[in-house]
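I opened my notebook for a friendly walk through this one. Here is what I looked up, entry by entry.

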Amino acid sequence: MPYIPHTDTDRREMLATIGAHSIDELFREIPENLRVAPGSLDLPPALDEHRLMAHLREISKKNVNLADVTCFLGAGIYDRYIPATVGAVISRGEFLTAYTPYQPEASQGYLQAIYEFQTMVAELYGMDLANASMYDGATSMAEAAIMSTHIKRLEKVAVSAAVHPHYRQVLETYCWSMGIDIVVLPAETGATNDYSAADGVSSVIVQYPNFFGTIEDLAEARRAADEKGALLIVVADPVACALLKPPGAFGADIVVGEGQPMGVAMGLGGPMVGLFCCKKEFIRQIPGRIVGRTKEAHGDKPGYVMTLRTREQDIRREKATSNICTNEALMALAATVYMIALGKNGMQQVATSSVRNTQYAIQKLTAAGAKLHFSGKVFDEFVLELPKDPVEVRDALLKHGILAGLPLGDYYGELKNCLLVAVTELRTKAEIDKFACALGEVLA
């Protein structure tokens with residue numbers, strides 16, 4: 001909770017400086033019927049600082065604290081180890097800026113950090129270039145879909161049903177506002193298995209690995225996109241790409257993803273950082289901005305500048321084709337420090353450990369009475385079919401100190417008896433064994 005030093009006198013002086021006599025006068029352009037009348041809010045009495053902090057601590061205890069439970073919940077946000085170097089770097093005052101580094105002469109350090117971020121993300125995804133980050137993975141995907149409609153001049157996109165449901169909801173919101181039609185491709189087997197409905201679309205969107213943890217066949221997705229004359233957009237897990245063949249190797253046109261697994265805390269669902277890459281021929285269509293490396297006019301000393309920001313809403317707003325006006329620079333910095341700290345071998349070790357833990361968990365949990373619902377190869381996540389209501393099972397396992405996973409019934413009606421379980425490199429053999437033992441008791 002920050003300390004705000006402004007006194008009544010300070011506020012009066014600030015208002016006088018801008019020519020207003022009161023807060024009401026400052027906001028005089030807001031119609032009266034949209035304002036909250038003084039005293040109309042049913043607020044409790046004010047508390048002093050000590051009592052307010054105690055009250056907030058009591059409220060916070062209602063949340064499930066991952067220091068007290070073992071997390072097997074993923075579905076887009078993952079419990080991965082964050083090296084101490086990440087916090088040490090991003091907490092430095094030099095990086096705690098509230099705004100975009102528009103002035104290169106005052107922002108060389110931050111601009112270089114963003115440049116390194118772009119370089120490593122592009123290499124991780126096997127793509128030509130990356131931008132300076134997006135708001136999150138969901139908006140990255142939506143912006144990619146819109147970008148494809150401008151390139152192909154077709155107001156229609158196809159998205160796999162195995163793409164994260166929240167991402168598809170964001171896509172629907174963006175496309176609804178722009179009059180873009182969406183075709184959903186079936187994935188009854190746990191992976192996209194039918195591209196026949198993708199006629200006349202600007203892009204085909206698949207996730208790698210997908211929402212169910214299944215590793216999609218990107219070669220088949222590329223073939224299908226080419227057959228339909230569409231771009232291939234891949235929503236890719238960056239940690240998985242440290243081990244799997246990257247989307248760029250399959251000829252993906254645009255690759256997006258969520259950078260949270262790389263050094264960003266789970267929090268309460270944010271903040272996050274969107275990753276966005278594309279082929280170099282689409283650079284003029286890319287949303288957001290790109291930081292480039294150049295040289296001084298009088299010498300060979302390298303310098304970093306914002307070189308491209310062609311589609312943003314804050315420039316010629318009436319002609320903008322992108323909704324993003326900034327980037328998640330601090331979270332992108334966290335991801336940068338994470339990738340540097342681990343390096344190529346370290347990230348491969350994280351991914352490999354996750355695969356081993358996942359396979360062990362599948363073995364133990366199916367032996368405890370659950371059934372593996374899909375048969376495809378998986379990374380980090382898998383779907384369990386349970387003989388009892390997954391919501392009841394999840395709640396019962398919380399009493400054992402286990403956050404078991406995500407019941408899928410609210411997102412996929414046909415999977416109402418299924419639970420999505422995530423297993424990262426942090427899960428130990430003892431934790432998985434405890435999960436399996438508790439699950440066996442709950443299902444008995």
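Predicted model: local features only at pLDDT ≥ 70, side-chain atom pairs only at ≥ 80, totals over all residues.

**Entry 1: Asp136**

I started at Asp136, which sits in the loop between strand E2 (129-130) and helix H6 (137-152).

Residues are numbered from 1 along each chain as its sequence is written, and side-chain values use heavy atoms, with hydrogens and water left out.

Which residues does Asp136 touch, not counting residues up to four places away in sequence? I found Glu258, Met272, Val273 and Gly274, with contact meaning heavy atoms within 4.5 Å.

I then looked at the polar contacts of the Asp136 side chain. One goes to the side chain of Thr139, at 2.7 Å. A polar atom of the Asp136 side chain also lies 3.3 Å from the backbone nitrogen of Ala138. My rule for a polar contact was a pair of N or O atoms within 3.5 Å; within protein, one must be able to donate a hydrogen and the other to accept it, and residues adjacent in sequence count only if both atoms are side-chain atoms.

I also checked Gly248, 112 residues from Asp136 along the chain: the two C-alpha atoms are separated by 20 Å.

Most residues other than glycine have a negative phi, and most peptide bonds are trans. With that in mind, I went looking for exceptions.

Tyr208 and Pro209 are joined by a cis peptide bond with omega of about -15 degrees. Pro209 belongs to the loop between strand E5 (203-208) and helix H8 (218-228). I noted another cis bond from Gly270 to Pro271, where omega is near 0 degrees. Pro271 lies in the loop between strand E7 (254-258) and strand E8 (274-278).

Arg153 is not a glycine, yet it has a positive phi of about 55 degrees. I located Arg153 in the loop between H6 and strand E3 (156-160).

**Entry 2: salt bridges**

How many salt bridges does the rule count? I got 17, taking a salt bridge as a side-chain nitrogen of Lys or Arg within 4 Å of a carboxyl oxygen of Asp or Glu.

I wrote down the one between Glu425 and Arg80, whose closest N and O atoms are 2.5 Å apart. This pair links distant parts of the chain, 345 residues apart: Glu425 is in the loop between strand E15 (418-422) and helix H11 (429-443), and Arg80 is in the loop between strand E1 (70-71) and helix H4 (84-90).

**Entry 3: the two domains**

I read off domain 1 (70-81 + 343-443) and domain 2 (86-337), with bounds that come from an automatic or database domain assignment. Their contact takes 28 residues from domain 1 and 30 residues from domain 2. The C-alpha centres of the two domains lie 28 Å apart.

Together the domains bury about 2,200 Å², 70% of it on carbon and sulfur atoms. Buried area here is the accessible area (1.4 Å probe) that two parts lose on being put together, summed over both. Ile77, Phe379 and Tyr412 supply 27% of the area that domain 1 buries against domain 2, more than any other three residues.

Helix H9 (329-367) and strand E12 (381-385) each supply at least two residues of the side of domain 1 that touches domain 2. The largest share of that side, six residues, comes from H9.

Conventions:
Helix = DSSP H or I, 4+ residues; strand = E, 2+ residues; numbered from the N terminus.
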